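Please walk me through this structure in plain terms.

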Amino acid sequence: MISKKGYSEYSLKLETITKVVHSTCVDLFEKDNIIEPKRYLFNNILNNTNNLNTLSYLLMEAKDRRHFATSIVLILRNLLTQNIQCIHLMAKADEDDEKFLNNIEVVNYDHVQRLESNYKSFLGHHYYRHKHKKIHEEIRRLNEKYKKPDTKISPKEFTTIKAIKDLLEMHKNDEGFYNIIGRMADSWILFSKYEHAGEFSFKLTMRAFKDEEIPKLFESYIHAIDFNLVVLIANLGSFPTDIINDQFISELTKLRLELQEIGIKYIEESEKK
């Protein structure tokens with residue numbers, strides 16, 4: 001079992017990190033004036049900061065409220081999906097800003113097309129035809145904004161499964177990063193069974209109520225959180241200011257490593273009991 005002190009110490013450190021990012025970074029950005037590709041990166045920073053902060057509060061109570069495990073896992077899977085995609089878009093661009101922008105345009109265009117397709121499938125129904133007129137108008141407006149990108153790249157190149165396969169292939173000679181991507185792929189696939197109910201879902205849900213499973217579950221949390229923080233900190237580096245400088249990034253990285261050490265310490269402590 002992970003001790004109450006373990007959950008508390010880890011949660012407070014995670015909360016500290018997210019508050020540092022939010023108070024010193026998020027409020028500095030002129031959100032309405034950000035254009036791609038920084039708009040995509042800024043959205044990633046927001047999602048990571050907001051969701052990781054929420055997780056800090058859920059983890060604080062997870063010892064006594066075991067049912068929080070499902071919410072924790074679903075938030076983590078959502079972040080893993082976004083962050084795996086983000087590092088994949090960057091890796092495919094190979095440090096070429098124009099390629100990175102093209103990749104984002106493909107993703108944005110596909111995003112709007114899928115949204116329109118989903119709503120069109122319901123247009124014949126009274127509820128959607130009359131209650132969602134404003135949404136339809138917004139979709140049409142977005143469709144005018146996001147023209148089909150002038151590229152042969154298919155959106156299928158950027159699915160999460162394709163991203164994982166590509167990243168594993170790209171880093172097959174880098175054992176450290178290869179293992180990180182492999183571990184995140186395992187978590188992403190396993191966590192999906194909490195979201196999509198089926199044969200395996202009940203067994204996974206019940207893990208939180210079995211004392212012997214708690215250390216493994218907590219370990220999956222801390223590794224997923226660490227991966228998400230790595231992407232968050234890397235993306236912050238794309239917004240250099242007087243505050244967001246090398247020293248700031250270094251201090252955030254130090255906090256991230258301290259957080260990981262706290263998590264590992266309490267996992268090891270639980271194994272000795």
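**Salt bridges, core and pocket**

Glu-15 and Lys-19 form a salt bridge, with their closest N and O atoms 3.0 Å apart; the term means a side-chain nitrogen of Lys or Arg within 4 Å of a carboxyl oxygen of Asp or Glu. The two residues are four apart in helix H1, so about one helical turn separates them. Helices here are DSSP runs (H or I, at least four residues), as strands are (E, at least two), numbered from the N terminus. Glu-15 is buried at 14% relative accessibility, whereas Lys-19 is partly exposed at 46%. Buried means under 20% relative accessible area, exposed over 50%, and partly exposed in between, with a 1.4 Å probe and protein chains only.

This is a predicted model, in which local features need pLDDT of at least 70 and side-chain atom pairs count only at pLDDT 80 or more, while totals for chains, interfaces and linings use all residues. Residues are numbered from 1 along each chain as its sequence is written, and side-chain values use heavy atoms, with hydrogens and water left out.

By the rule above, the count comes to 17 salt bridges. In one of them, Lys-162 meets Glu-157 at 3.5 Å, N to O. Lys-162 is partly exposed at 24%, and Glu-157 is partly exposed at 29%. Shared partners join Lys-92, Glu-157, Lys-162 and Asp-166 into one network of salt bridges. Arg-207 pairs with Glu-213, the closest N and O atoms being 3.4 Å apart; Arg-207 is buried, with a relative accessible area of 13%.

The next topic is the nonpolar interior. A nonpolar core is a set of buried Ala, Val, Leu, Ile, Met, Phe, Trp, Tyr and Cys residues joined through side-chain atoms within 4.5 Å. The largest such core has 71 residues, and those touching the most other members are Tyr-10, Leu-14, Leu-55, Ile-72, Tyr-221, Ile-225 and Leu-236. Two or more residues each come from helices H1 (4-24), H2 (38-61), H3 (68-93), H4 (97-120), H7 (160-170), H8 (175-195), H10 (214-236) and H11 (246-272). Leaving out residues up to four places away in sequence, Ile-225 touches Tyr-10, Leu-14, Leu-52, Leu-55, Leu-59, Leu-76 and Leu-259, where contact means heavy atoms within 4.5 Å.

Asn-228 lies in helix H10 and is buried, at 0% relative accessible area. Beyond its neighbours within four places in sequence, Asn-228 contacts Asn-48, Leu-52, Leu-76, Leu-79, Leu-80 and Asn-83.

The largest pocket holds about 890 Å³ of space. A pocket is an open set of points on a 1 Å grid over the protein atoms alone, where a 1.4 Å probe fits, with protein on both sides within 12 Å along at least five of seven lines; lining residues have an atom within 4 Å of a point. The lining has 23 residues, with Tyr-40, Gln-85, Val-107, Asn-108 and His-111 nearest the centre of the pocket. H2, H3 and H4 are the elements that give two or more residues to this lining.

Some loops have backbone features worth checking. A cis peptide bond, with omega about 5°, joins Glu-36 and Pro-37, and Pro-37 is in the loop between H1 and H2. In the loop between H3 and H4 lies Asp-94, which has a positive phi of about 55° although it is not a glycine. Asp-94 is exposed at 61% relative accessibility.

Note on methods. Points joined across faces, edges and corners; volume = space filled by probe spheres on them.
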